[in-house]
Amino acid sequence: MKYHDLLKRDSRITIMALSWRDIKSPTAGGAEVHTHEMLRRIDRSSYRVIHIAARYGREKESEMIDGVQYIRKGNPVSVIWYAFFYYQRNRKNIDFVIDQCNTHRFFTPLWVPQKKRIFYIHQLTREIWEINLKFPWGKIGRYLENTLLKLNKRDIVITVSASTKAELIELGYDAAKITIIPNGISFIPWQKDQWLDKEQVPAFIYVGRYAAYKGIDAAVESIGLLKQKGIKAKLWILGKTDQEYIKKQLLPVCGKYGIKLGKRGSASEIIIWGYVSEQEKLELLSRAKALVFPSVREGWGIPVTEAGVVGTPSVVFDSPGVRDAVDGGNAGYLCRKNHVKALAEEMERVLLDKELYEQKRELAYAFSCQFLWEENTKKIELFLDGISRSQF
């Protein structure tokens, strides 16, 4: 593998960021958006940022995006070695290394001095291992996660929610070394007179990836349970379509309750929108009665915040990260238990209790409007200035 040129000396503080995916990776998600938004807002007069990630296809091997120098090499395994050798070759000119843990690890405690390490984690994986992998691999993954996380417990840490911070403290991390830099939105929150009218037949909406732990099947089944009670409602599903997931997970649920699944433009109770533009996504979010987000674990839950700022509250499981996005249930509907019946009960409450709905809608809007990237920039600057002063 060809290694990049030596870093030239620079009067600025140099940060090397590591992740297995970046903003242009084919499967980039909320973690990659958060990473890029955070790095691109770092003051360029004081810092330079080099981001190393794996290369999955046609992405450029090297490019500058919004002031961040991206280098892409190898696959998720070989990029670890590339990062190691790149650091060794340039260690005199690298001041900090941000190691992003998103299931994937770069094992920086084994090759970067503690004073230079910043551990960056959105969420723990825990039960997701057993949802995504068959026995015994799920059990093994869950056990190894806790073991590996303890490698970084002496590091300075960045995370995105109080839930993740609390779980790290349980593992022995120092609370004083953990900084929360929340997820944010890049667009201006809509004014209330911009909110769109809700659908005549109430629409719930899901936005995100097709993944077992995200609970799309639970949202579909909840529509079926509402139908059994004679309550009319539909579900819009937004995100890159996964036909295999639809066939194996969603169609059997539709058959069980006699509900139809179709594409955009159809009169079906479950409508697969697929990928849509950002503007169309926001319009659909505003037209929906509520976002449904029954994920068992997230770093935060960006769609919850996006829905809130266009006038739509969310119904969510009481899960790490997601509960933070609805302010512990104050700014949304928090299920008492994480199962389908509880989800359907909250969705029914959305439709039948109009006074409560308007309260939740207003509170969701007010809470979500706090999470803007422009505001988060101040948190990033304070964090970096603090650790820089402690080292130099």
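Predicted model: local features only at pLDDT ≥ 70, side-chain atom pairs only at ≥ 80, totals over all residues.
The structure contains 32 salt bridges. One of them joins the side chains of Arg21 and Glu32, with an N to O distance of 3.4 Å. Arg21 is located in the loop between strand S1 (13-18) and helix H1 (30-40), whereas Glu32 belongs to helix H1, so the pair ties together parts that are 11 residues apart in sequence. Both partners are buried: the relative accessible area is 14% for Arg21 and 2% for Glu32.

A salt bridge is also formed between the side chains of Arg264 and Glu280 (3.5 Å, N to O). Here Arg264 lies in the loop between strand S11 (261-263) and strand S12 (270-274), and Glu280 in helix H8 (residues 278-287); the pair therefore ties together parts that are 16 residues apart in sequence. Arg264 is partly exposed, at 40% relative accessibility, and Glu280 is likewise partly exposed, at 24%.

Within helix H12 (residues 354-368), Arg361 and Glu358 are 3 residues apart, a separation of about one helical turn. These two residues form a salt bridge in which the closest N and O atoms are 4.0 Å apart. Arg361 is buried at 12% relative accessibility, while Glu358 is partly exposed at 39%.

Key: Residues numbered from 1 in each chain as written. Heavy atoms only, no water. Helix = DSSP H or I, 4+ residues; strand = E, 2+ residues; numbered from the N terminus. Buried < 20%, exposed > 50% of the residue type's maximum accessible area, 1.4 Å probe, protein only.
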